[in-house]
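Colleague: I would like to go through this structure with you. Could you begin with the overall picture?

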Amino acid sequence: MKNILRTTTFLAIIACWLWSTAFVGVKIGLEHHTPFQFAGIRFFISGVLIFLYFGKPRQYLLQLKQNLKFILLLSLIQIFAQYALFYSGINLLPSSLSAMIIGSQPLFIAMVAHFSFHNDRMTLRKTLSILIGVVGIAIISLGRTSVEMQGELEWLGICLLLINNIVSGYSNVLIAKNTSGISPVVLSSTSLIIGGLMLSVVSVPLEGIHLGPFPAEYWYALAWLSFLSAAAITIWYSLLKRPGVKVSILNVWKFLIPVLGAALSWLLLSNEKPDLISVLGMLVIALSLISLNYANRRDQQKQQTKKTE
């Protein structure tokens, strides 16, 4: 049982489940706070929580000092740039279109990995499996609300979210390529703290300062979002740095995020019920994951055969 709990597949599913719960919390938070400032506070608290969990201040500061340039780069790309693009993009688009573009992120990450690693190429099987997953995301998104383009600003929103997907791929590659020996726990904590501070500083001239008062539901949402970011990002960083883990294969598990999010809303919200189109989209995504895992095993068997020859 302990071995199963430590597997890449199990931990990837846990991280995706945590991220799937973020949608409700973000919606509540943005009803009472501005996007950049809310995100900055959330990530700063997440980083502090990880620091407290790590519990070794001297070792933490030593690793921060030794890897400061890389941490600053990752904070700028993974936290600041990515979430600035994300929040700016979704504010300009209908929710269904935003969900489709964000849901296609594994495809963009796989393409970035293709040009970054010699052993993570886009084979025909892998490409078809990922495209099937993108179709599943589209089915779920279109089944909930229709897409209606209403102005030129929406094209800007599409561009921002597409750039966000590419930035996400680049940041995943950066982490996977890093061989400095920094702990994933320290890396996630420091990047969240610094990235959160960057978002908070930028939010002041753009959004002003908002000190409340905030209702109890806001604090509940902030607490949960801070915890899930701390847990999910730490898990993801640790998986990206595992030997033998391919960036493209790992990120395909993110297709589960809208599936788990929909299932959670069916369980918790009285006005949300399963519908045929959403279930069909989930089945398509399941087919994508099964197909990709089969293709990955075939590739691994071929590599082992070549080594033994």
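Modeller: Of the contacts in the protein chain with a separation of 6 or more, 87% are between residues 24 or more positions apart. Please keep in mind that this is a predicted model.

Colleague: How many helices and strands are there in the protein chain?

Modeller: The protein chain has 15 helices and zero strands.

Colleague: What percentage of the residues in the protein chain is buried?

Modeller: Of the 309 residues, 48% are buried. The chain exposes about 15,900 Å², and carbon and sulfur atoms supply 69% of that area.

Colleague: Which residues of helix α8 are buried?

Modeller: They are Gln105, Pro106, Leu107, Phe108, Ile109, Ala110, Val112 and Ala113. Helix α8 covers residues 105-114, and because eight of its 10 residues are buried, the helix is largely enclosed by the rest of the structure.

Colleague: Let us change topic to helix packing. At what angle do α3 and α4 pack?

Modeller: Helix α3 (residues 22-32) and helix α4 (residues 35-54) pack at an angle of about 125°, and their axes are 9 Å apart. That angle makes α3 oblique to α4. The crossing of α3 past α4 is right-handed.

Colleague: Why do you give both an angle and a distance?

Modeller: Two packed helices are described by the angle between their axes and by the distance between those axes.

Colleague: Which residues of α3 and α4 meet?

Modeller: On the α3 side they are Gly25, Val26, Gly29 and Leu30, and these meet Pro35, Phe38 and Arg42 in α4. By type, the residues of this contact are four nonpolar, two polar and one charged.

Colleague: And where is threonine 34 placed?

Modeller: Threonine 34 lies in the loop between α3 and α4. Its relative accessible area is 15%, so threonine 34 is buried, as the cut-off for buried is under 20%.

Colleague: What does threonine 34 touch, not counting residues up to four places away in sequence?

Modeller: Threonine 34 touches Glu207 and His210 on that count. Glutamate 207 is 173 residues from threonine 34 in sequence, yet their C-alpha atoms are 6.7 Å apart in space.

Colleague: Now to helix α2. Is tryptophan 17 buried or partly exposed?

Modeller: Tryptophan 17, in helix α2 (residues 8-20), is partly exposed, with a relative accessible area of 36%. Leaving aside neighbours within four places in sequence, tryptophan 17 is in contact with Trp224 and Leu260. The C-alpha atoms of tryptophan 17 and isoleucine 257 are separated by 6.3 Å, although the two residues are 240 apart along the chain.

Colleague: What about leucine 18, buried or exposed?

Modeller: Leucine 18 is also found in helix α2, and leucine 18 is buried, with a relative accessible area of 4%.

Colleague: Which residues is leucine 18 in contact with, leaving aside neighbours within four places in sequence?

Modeller: Leucine 18 is in contact with Trp224, Phe227, Leu228, Ala231 and Ala232. Leucine 18 and serine 229 are 211 residues apart in sequence, while their C-alpha atoms are 7.9 Å apart.

Terms used: Residues numbered from 1 in each chain as written. Predicted model: local features only at pLDDT ≥ 70, side-chain atom pairs only at ≥ 80, totals over all residues. Heavy atoms only, no water. Axes fitted to C-alpha atoms, helices over the stretch in contact; angles between N-to-C directions. Helix = DSSP H or I, 4+ residues; strand = E, 2+ residues; numbered from the N terminus. Parallel < 35°, antiparallel > 145°, perpendicular 65-115°, else oblique. Left-handed = near helix turned anticlockwise from the far one by under 90°. Contact = heavy atoms within 4.5 Å. Nonpolar A, V, L, I, M, F, W, Y, C, P; charged D, E, K, R; others polar. Buried < 20%, exposed > 50% of the residue type's maximum accessible area, 1.4 Å probe, protein only. Areas by Shrake-Rupley, 256 points an atom, 1.4 Å probe, with all protein chains shown as cover.
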